[in-house]
Structure formats: structure tokens, C-alpha cells
Amino acid sequence: MRKSKQDFWAGISFILIGAAFGVQYDELTGVSRIFPEILISIIILGGIYFVIKGLVQNYLEKKLTQSLSSSPQETKKSDEIKENCCVAEDAVESISWSRILIISIFAVLLVFSLEYIGFFVSSLAFVVISYLFLGDKSLQRSLLVRSLIFAVPFIIIVWILFVKLLHVPTPAGILF
Amino acid sequence: MNEFILPAILNLFEPMNFFLMIAGLVGGIIVGALPGLTATMGVALMVPITFAMNPISGLIMLGAIYVGAIYGGANSAILICTPGTPSSVATTFDGWPMCQNGKADDALHVSLISSAFGGIIGTFFLLFFAAALARFALRFGGPENFWLCLFGLSTIAVMSVDNMGKGIISGAIGILVATIGLDPNTGSIRFTFGTYSLIQGISVIPCMIGLFSFSQVLYLIGSKREYIAKCSTSSGSFMYVTKYLFTKCKVLLMRSSIIGTIVGMLPGAGGEIASIITYNEAKRWDKNPERYGKGCIEGVAASESANNAVIGGALIPMLTLGIPGSAVAAVILGALMAHGIQPGFKIFTASGELAYTFIMSQFLVCLLMLPVGYILCKFMARLLNLQLTYIALSIVVLSYIGAYAIANSIIDVWIVVIFGFVGYFGGRIGMDTGAMALGVILGPMIEENLGKCVDLANAHNYGIYGVMTEGVISKILIFALMLSIVTPLYVGITRGRRNAKKGARHA
């Protein structure tokens with residue numbers, strides 16, 4: 001992501017976070033109000049600063065790129081500037097958004113199911129199903145077998161460690 | 001004192017006590033390494049078991065669990081970027097990059113040796129300077145603690161030199177998040193977003209698990225890599241790290257351990273604050289601060305020596321005054337009292353054998369941690385040979401059970417998910433999750449101590465400025481805070497000028 005875009009979206013996020021808290025602090029009075037009020041002001045003002053900074057940077061980048069790309073010998077310099085404007089990690093590693101979406105959906109579904117189905121059954125299902133989607137499909141043994149080989153012992157170890165040895169309560173649900 | 005030392009040493013080598021030390025250490029390391037399970041929880045779980053033992057054996061075991069759990073937190077911080085205990089937050093800053101650079105075994109050994117070193121220094125202070133240091137700790141009131149927390153918060157300036165604006169706002173968001181729930185000063189309810197469960201506030205641990213652990217799951221799954229990092233365990237790693245630490249990091253280890261001990265003595269300020277402050281100081285005093293955050297040994301050493309030195313510090317006011325310096329010390333205090341032992345200066349005379357056996361056991365536990373931790377490191381490093389998908393899915397399950405275990409509340413699991421998304425997507429737009437974590441940890445203390453200052457000002461008619469700046473300790477902390485903020489700015493400006501000069505020369 002370009003730095004100008006980063007700054008712009010960071011600014012928007014800061015404003016939204018500040019506003020989410022800001023709409024609630026009308027209910028507060030006296031000393032309870034002062035501390036959050038200062039913080040919300042800092043966050044929103046910072047957000048506005050980054051939105052403006054992002055927009056200005058974006059305008060300058062476009063202007064600079066246009067002026068440099070107008071002459072062919074300057075194209076290389078223009079590419080260098082573009083590279084400098086991007087975050088290094090993006091260049092090094094590409095991101096699989098589909099995989100992130102899959103794990104996010106299953107992780108959220110797991111939270112919903114914890115209280116209704118029970119921690120251990122839900123977690124077993126989560127590991128197996130997620131692995132079917134995210135596991136390495138190039139290996140010979142089937143995904144289901146590999147996921148079960150890992151998931152069943154793992155869940156049993158977690159159960160022994162947390163429930164039997166450390167007596168940590170887990171959401172029970174209708175199953176286990 | 002001298003008459004108690006020899007019986008104390010003899011007590012340690014009783015087979016039962018020796019076994020309890022090793023068992024406590026192993027148990028503590030496992031509890032510490034599991035995200036969500038804290039040292040407090042580990043020690044509290046074992047208190048009822050001590051009732052069946054004699055007080056000396058019980059205390060020895062609780063002390064060993066405490067030491068093991070604080071060290072154990074570093075293992076998960078290094079291997080899966082999940083601080084096992086809040087004390088290990090700063091260990092992730094360099095431990096995780098070391099792991100990603102294929103130096104997981106080096107990082108694990110650094111944390112092991114530094115933890116043992118910090119623990120020994122902390123215990124040394126406990127043994128020889130307990131009374132004097134306890135009196136010093138009593139001088140920390142609301143204003144001093146307020147400035148200390150702000151000093152801890154100033155780490156943001158050091159952590160994010162190139163991104164200070166976003167770092168400061170991320171820290172402010174962290175503090176704002178910490179205001180959710182009951183106001184510590186007035187008791188009024190704030191920012192619950194209509195959810196009753198949020199009245200209890202946002203727990204630090206689920207928040208840390210989300211910011212550092214769940215966000216890493218998203219990062220790892222999205223990276224398409226097959227393994228977290230190449231795990232190349234080299235046989236000479238332990239010796240190399242030992243040599244490196246005791247030749248190039250002597251001063252850093254000593255400084256971090258002393259700071260850890262002092263912070264540990266202060267009620268409410270625990271390993272998380274100590275490790276953050278020492279990380280900050282290590283970076284500030286280093287000739288090449290740029291290498292911090294990219295996987296440098298010094299970063300791990302500073303954080304880990306400090307959080308284990310906190311143990312000795314936290315036990316000082318507990319044993320001498322009956323005021324616990326940390327939550328774990330409070331649990332141990334409870335165990336002491338349940339055994340009919342009254343803490344206070346008299347403990348060193350009336351129950352001298354018990355007190356000195358406990359202190360000497362802390363020395364031995366720190367030494368035993370080296371072989372026990374070394375063996376466990378071998379197993380832990382092998383975790384990296386597992387496929388990335390397996391590890392990522394396991395982290396989700398462990399994060400959820402760990403978060404749920406804090407208060408048996410499903411809201412804590414939601415906090416993990418929400419902060420996980422904030423950590424991942426916030427990181428994509430340059431937000432500083434480390435700074436946010438600092439805000440969440442230090443926020444309640446800052447507000448509470450600010451409230452105390454306001455109350456003091458109202459009571460004495462000094463005015464808030466007078467209260468905040470009164471006393472030598474406050475003045476020293478204000479000076480240190482100013483230095484902490486100005487130094488990175490100065491470094492940034494000089495670096496900018498240097499780069500500009502270089503650019504001009506090349507042109």
C-alpha cells in the first residue's frame with residue numbers, strides 16, 4: 001500500500017474510533033469525562049492530520065510521477081519513487097486475501113458455536129474444516145486424514161492439559 | 001541473618017524440596033508458555049496443594065512456579081509471537097523477528113540465560129537490601145507512579161521513531177480502550193457500547209492475545225508460506241549466546257535487572273512495565289538503535305532479564321512490609337498468611353529459617369532453570385517443524401481457551417477476535433500495535449494515579465501542578481521522561497541531516 005493511502009486510511013480509522021467513543025461520552029459527567037475527552041480529542045485531531053497528510057502526499061506523488069514520466073529517461077527514477085512510496089513488506093510477500101477471509105469466517109463461527117455446541121467439539125470441527133480449506137493440497141495423503149491426524153491428538157492434549165491438570169473451565173454447550 | 005543461611009541451604013537440598021523446585025519450574029514454564037494462563041493463575045492454582053505440605057516446601061514450590069511462569073512466557077512470545085504472560089510483551093519485539101530470521105534457538109537461549117541472570121540479581125537485592133529498598137518503595141505515591149507510567153509510555157517515542165505520529169495516536173487509542181468499564185476513581189460506567197459484559201472493562205490478556213497472537217494468525221495464513229521459519233538448531237547456539245551475553249551485554253543485563261528489581265518493588269507496576277522500560281532504555285543507550293525490532297539479541301535480553309528481576313523486587317515489600325509488589329506476590333502473601341506466618345520486618349527473625357530458605361530457593365531455582373529450560377527449549381524449537389497451517393489453527397484454539405479462562409466469559413473471546421482484526425488491519429495502515437498494547441497496559445494506572453493527584457491537590461490546596469512536581473522522585477522521573485521524548489527526536493533529526501548530506505555527496 002502506498003504511504004499516502006496508508007496515512008489517509010489511518011486518519012479515517014482514527015476519526016471513526018474517536019467518533020465511536022465520542023458519541024458515548026455525552027453520558028459522562030465531571031472527572032470521568034476529562035480523561036477520555038482529552039484522548040478522544042488527540043485521536044480525532046490526529047486522524048484529521050493524517051487524512052490531510054495522505055491527500056496532500058497523494059497529490060504530490062501524482063504530480064511528481066506525471067512530471068517524471070513525461071521524459072523517457074526519467075521513467076526509471078519515477079519507478080524508484082513509486083517503490084519508495086510503498087511499504088516494504090508488500091513488495092517482499094504477496095498476501096492471499098482469500099485465505100485470510102476463510103480463517104476469519106471460521107474463527108468467528110467458532111466463537112458463536114463455543115457456547116452452543118461446546119468448546120472441544122467446536123474446536124475439533126474448526127481445525128478439521130479449516131484445514132480442508134487451508135491445508136497443503138499438493139501432498140499425497142488426503143486433507144481429511146491429515147487434518148484428523150493432527151486435530152484429534154491436539155484437542156485431546158488441550159483437554160488433558162487445561163481441564164484435567166489445570167482445572168480451567170471451558171464453555172460446555174450441548175455437546176462437549 | 002548469618003545463623004539462618006546454613007540451615008536454609010541445607011533445607012534446599014532435602015530431596016522433597018529439590019523435587020518440588022524442578023516440578024514447580026516445569027509446571028510454571030508450561031503455564032507461562034500457554035497464552036492466557038498467567039503466573040498468577042499458575043501460583044493460585046497450586047496454593048491449596050501447599051496446605052498439605054510444610055510451609056517451607058509449599059513456599060519453595062510456589063516460588064519455583066512464579067519464576068518458571070515468567071520465563072515460560074518468552075517461549076510463546078518468541079515462537080508464535082504470542083506473549084504467554086503480559087511480562088513478555090516486549091520480548092515479541094525482537095524475539096519473533098529472530099525466530100523469523102531462523103534464529104529461534106538463539107532467541108530461546110537468550111531468554112533463558114537472561115531470565116536466570118535477572119532472577120539472580122533480583123534475589124540478590126532481596127537478600128541484601130530488602131529493608132532499605134522497601135522504605136524507598138514506600139515513597140512512591142500517586143504522582144510518582146503517574147510519572148513512572150508516563151515514562152513507560154514514552155517508549156512509544158523510541159519504538160516508532162519513523163512513525164511517531166501514528167505511534168502516539170495508537171497509544172492514545174490503547175489508553176482510551178482501557179477506559180472502557182468502571183472509572184477507577186468515581187466508579188461511573190463508561191463506553192460499554194450497550195454491552196453489559198463490558199462493565200468489567202477490557203482485560204489486558206485477551207487484548208494482548210488479540211493484538212499479538214490472532215493478528216499473527218491472519219498474517220501467517222495470508223503469507224502462503226509452508227512453515228513459520230526455517231528451524232536450524234545449531235549445537236553451539238547455547239555457548240555462542242552465553243559468550244555474547246557475558247561479553248557484549250554485561251552492562252545491559254545488569255542495568256535491566258536493576259530496573260526490573262526497582263519496578264518490581266512498586267505495588268501495581270509489574271513485569272510488563274519493567275520489560276517495556278528496559279527495552280526502551282536498551283534501545284536508547286545502544287550505538288545502533290535501528291537494529292532493535294529486527295531481531296537483535298539485546299532486545300530479548302533486556303526484556304527477559306527485567307521481567308525475571310521483577311520477582312525479587314516484588315517479594316521485597318511483600319516479605320518486609322506485607323505489601324505485595326505484584327499480583328503473584330499477593331497470592332504468595334495469602335499462602336504465607338494461610339500457613340500462619342505474618343509478613344513484616346520480623347519475618348527475618350521470628351521465621352528466619354523459612355524466610356531465608358525461600359530467598360535461597362529463588363537463587364537455586366534460577367540456576368536450575370538453566371538445565372530445565374535448556375531441555376525444554378530443544379522440544380519447543382521443534383514446534384517450528386510443524387506446518388504453518390497446523391500452528392495457526394492451534395494458536396486460534398489456544399487463544400480462545402486462554403482468553404475464556406481469564407473470567408469464564410465469552411466476551412473475552414470476542415475481544416481476542418476484535419483486537420486481532422484491529423492488530424492485523426491496523427498494522428497494514430501503519431498503526432503501531434505495540435504502542436496500543438502499552439496504552440492498554442498503562443492506561444488504568446495512569447488514570448488511577450492522576451485521580452489520586454487530583455484528590456491530593458484538592459485536599460492540600462497545593463494545586464495540581466504543585467502535587468505533580470513535588471518530591472525528588474517525581475522531578476527525576478519528569479527529567480527522565482523529557483529525556484526519553486527528546487532523545488529519539490534528536491536522533492531522528494541528526495539522522496535526517498546525515499542522510500541529506502550523504503544524498504548531496506552522491507548527487
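Good morning. I begin with one residue, Ile156(A), which is placed in helix α7 of chain A. Please keep in mind that the model is predicted.

Ile156(A) belongs to a nonpolar surface patch of about 730 Å². Which elements give two or more residues to the nonpolar patch? They are α6 (119-134) and α7 (143-165) of chain A. Of these, α7(A) gives the most, with six residues.

I now turn to the contact between the two chains. Chain B contributes 60 residues and chain A contributes 64 residues. In general terms, the size of an interface is often given as the accessible area lost when the parts come together. For chain B and chain A, about 5,700 Å² is buried between them, and 78% of it is on carbon and sulfur atoms.

As for polar interactions, eight residue pairs are in polar contact between chain B and chain A, counting pairs with both residues at pLDDT 80 or more. The most comes from α19(B), with 11 residues. Sorted by class, this side of chain B has 40 nonpolar, 12 polar and eight charged residues.

Let us finish with the salt bridges. Over all chains, the structure holds eight. How many salt bridges are counted between chain B and chain A? The count is one. Here the side chain of Asp7(A) meets that of Lys166(B), with N to O at 2.6 Å.

Asp7(A) also forms a salt bridge with Lys53(A), where the closest N and O atoms are 3.6 Å apart. Asp7(A) lies in helix α1 (residues 3-22) of chain A and Lys53(A) in helix α2 (residues 31-69) of chain A, so this pair ties together parts that are 46 residues apart in sequence.

Thank you for your attention.

Key:
Residues are numbered from 1 along each chain as its sequence is written. Chains are lettered from A and ligands numbered from 1 in the order in which they are written. This is a predicted model: local features need pLDDT of at least 70, side-chain atom pairs count only at pLDDT 80 or more; totals for chains, interfaces and linings use all residues. Side-chain values use heavy atoms; hydrogens and water are left out. Contact means heavy atoms within 4.5 Å. Buried area is the accessible area (1.4 Å probe) that two parts lose on being put together, summed over both. A salt bridge is a side-chain nitrogen of Lys or Arg within 4 Å of a carboxyl oxygen of Asp or Glu. A polar contact is a pair of N or O atoms within 3.5 Å; within protein, one must be able to donate a hydrogen and the other to accept it, and residues adjacent in sequence count only if both atoms are side-chain atoms. Helices (H or I, at least four residues) and strands (E, at least two) are DSSP runs, numbered from the N terminus. Ala, Val, Leu, Ile, Met, Phe, Trp, Tyr, Cys and Pro count as nonpolar, Asp, Glu, Lys and Arg as charged, and the others, Gly among them, as polar. Patches are made of residues with over 30% relative accessible area and no salt bridge: like charges are joined within 9 Å, nonpolar side chains (Val, Leu, Ile, Met, Phe, Trp, Tyr) within 5 Å. Accessible areas come from the Shrake-Rupley method with a 1.4 Å probe; for residues, only the protein chains shown count as cover.
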